[in-house]
Amino acid sequence: MSEIPPHAGGAPTAPEHEVVRICRDLLRIDTSNYGPGQDGPGEREAADYVVAQLREVGLDPQVFESDPGRTTVAVRIAGADRDRGALCIHGHLDVVPAHAEDWSVPPFAGEERDGCLWGRGAVDMKDMVAMMLACVRHLARTGTVPPRDLLFVFFADEEAGGVLGSQFMVREHPEVFEGVTEAISEVGGYSVTVEDAQGEPHRAYLLQTAEKGIAWLKLVARGTAGHGSVPTSDNPIVHLAEAIARIDAHKWPREFIASVRGLLDGLSEITGVGYSDEDAEELLERIGPAAGFVRGALQDTANVTMLDAGYKHNVVPQSATASLDCRFLPGHEEDLMATIRDLAGEHVEVVVDHKDISLDSPFAGDLVERMRGALLAEDPEASILPYCLSGGTDNKALSTMGIVGYGFAPLRLPADLDFAPMFHGIDERVPLESLEFGAKVLWRLVGDC
């Protein structure tokens, strides 16, 4: 527990004044996560940087290491009302790998160009980590006591499902989260620009209230090995291909959960464009590239992402495998698994590599109102709408402790920036002005939480 001495670590610096520097520093640290059992740089260097930034302003963070180099950092700030439930503000230090030859700039150079910081993690999610650090440093430097306890956590391993990060922390160090009732993290609070009913541009911020569940599955087809010149009706590659074709062709039924319905209704009101449960495309087109995330939340999904079969041109192998990334809406897990097994067929086994729960939090309550207020204080004419994330965050792990989580990494974005496709994409970048805006919004929330 950190009690903050006034003006710790030097003269006060507003969060928006150092958030760009912090983000640039973080982008220059390669924290690529290649998945379980695979070598990579790990999060240790970034965690050491976070620790140094916290200690510089007089804070005493805790450091946890699940495996060598897989490091999580936590620091709790004592609030004025110790009887209120604490708020956890968390981010992850790891990033997905980047192939430099695909990028316009070196992905770990933290280069500034065209008013943006470029680099792997600029969007997912070293931008938010920088905002967090800038705000907690300002708390320390000014001696500000927040209304309630704040727990800042910088997790390892989110990009591989959180087994060595948030899940490790919840399982092995639950005491860190004692008294925490709510949490905020990534993939929410960013703006999209749409034309309103009068044809004028209008900003809407998407506050993430729900997440689809995750099922990373492996299809294992088995057959009879033999010579490639001999006809066979038991070729595992064919069995696998047929299963993949059935799964790919399956039309998943739509269900508009509350957050999706709220988003579509809000967009319809702003734009004057109607929609139906069968056809929302005209409306979704109004939010540009962000529509991909929304389309992913209209129904369950299953995408083939990897294949592995055979070892020699003239040998029919005994087995063949494919990897599936499945995402299911709240309440749909059992139906999705049953459907995949049925579509896979008798020759293909469905193996679970990793599974995680779905989340569905209310778009109402004190924290939601305070997030809304923090955004509108900086952008008064905007709208705040709920949405469901088609991916997942570390809020899943925290929810197992009864912590209600939201996605709130606030960014006011230029209308012409294709932001959403940069999650795990190439040429990831975040505008400097957006970082500064986000730091100001997050600071407002920290002071009014």
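Student: How many salt bridges are counted between domain 1 and domain 2?

Tutor: The count is zero, a salt bridge being a side-chain nitrogen of Lys or Arg within 4 Å of a carboxyl oxygen of Asp or Glu. This is a predicted model, in which local features need pLDDT of at least 70, side-chain atom pairs count only at pLDDT 80 or more, and totals for chains, interfaces and linings use all residues. Side-chain values use heavy atoms, without hydrogens and water, and residues are numbered from 1 along each chain as its sequence is written.

Student: What makes arginine 137 and glutamate 18 a salt bridge?

Tutor: Their closest N and O atoms are 2.9 Å apart, and the definition asks for within 4 Å, so the pair qualifies. Arginine 137 lies in helix H3 (residues 126-142) and glutamate 18 in helix H1 (residues 15-27), so the pair ties together parts that are 119 residues apart in sequence. Helices here are DSSP runs (H or I, at least four residues), numbered from the N terminus. The whole structure has 27 salt bridges.

Student: Which residues make up domain 1 and domain 2?

Tutor: Domain 1 comprises 15-187 + 393-447 and domain 2 comprises 212-356, with bounds from an automatic or database domain assignment.

Student: How many residues of domain 1 are in contact with domain 2?

Tutor: 11 residues of domain 1 are in contact with nine residues of domain 2, contact meaning heavy atoms within 4.5 Å.

Student: What is the mean pLDDT of the protein chain?

Tutor: The mean is 93, on a scale of predictor confidence in each residue from 0 to 100. Over residues 3-9, however, pLDDT stays under 50.

Notes. Helix = DSSP H or I, 4+ residues; strand = E, 2+ residues; numbered from the N terminus.
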